[in-house]
Amino acid sequence: MTAQASSGGGSRRVTVRCPLCGRLNRVDLARIGDRPSCGACKRPILLDRPVAVGQAELDRVLGDAEVPIVMDVYADWCGPCKVMAPVLDEFARDRAGQLLVAKVDADRNPAVAERFGVRGIPTLIVFRNGREVARETGAVPRARLDQLVESAAA
């Protein structure tokens, strides 16, 4: 975790599903250093890695976010998606507290892929205030991922 991620700096709330019990939790990324836990099962909610998001909670996750969200639409069988996985893991770890990296399995959530016009995978979509602000299709190097998020900041 970066020093910037663990310092205060105002509220940066996101809503995420607990991977163990399934409950939606509102978490303040400005307090990520306090190690957030699920309100129901009390297990840790790990936000220094991509989090799985499904069709059922997607609108809530996007609508509630006070930070940018980088959504990776992927499939387990996809070679370029497998290449992107460690890049996104590192990106999420380095940017913990600043943004949320969400992963949507296109095979399990075909309506999401259709809704966002995903024609190839992986597709990375950056959201701010619930709206799409940038998009990239295909495997990209880490530097391009950083550029994509930074260019969407304006």
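The entries below go from the nonpolar cores to the strands.

**Entry 1, starting point.** I am working with a predicted model, so I keep that in mind throughout.

I asked which residues have the most contacts inside the largest nonpolar core. I found Val14, Val16, Leu47, Ile69, Met71, Leu100 and Phe116, in a core of 30 residues.

I picked methionine 71 and left out its neighbours within four places in sequence. Its contacts are then Leu58, Ala102, Val104, Val112, Phe116, Thr123, Leu124, Ile125 and Phe127. I also checked bridges, and the partner of methionine 71 in β6 is isoleucine 125. The strands β4 and β6 run antiparallel and are joined by five bridges.

**Entry 5, β6.** Is β6 mostly covered or mostly open? Mostly covered, I can report: five of its six residues are buried. I then followed β6 to strand β7 (residues 131-137), and counted six bridges between these antiparallel strands. One of the residues I checked here was phenylalanine 127, whose bridge partner in β7 is glutamate 132.

Last, I looked at how β6 passes into β7: the two form a hairpin with two residues between them. I noted asparagine 129 in that turn for its positive phi of about 50 degrees.

Terms used. Residues numbered from 1 in each chain as written. Predicted model: local features only at pLDDT ≥ 70, side-chain atom pairs only at ≥ 80, totals over all residues. Heavy atoms only, no water. Core = buried A, V, L, I, M, F, W, Y, C linked by side-chain atoms within 4.5 Å. Buried < 20%, exposed > 50% of the residue type's maximum accessible area, 1.4 Å probe, protein only. Contact = heavy atoms within 4.5 Å. Helix = DSSP H or I, 4+ residues; strand = E, 2+ residues; numbered from the N terminus. Pairing = 2+ DSSP bridges.
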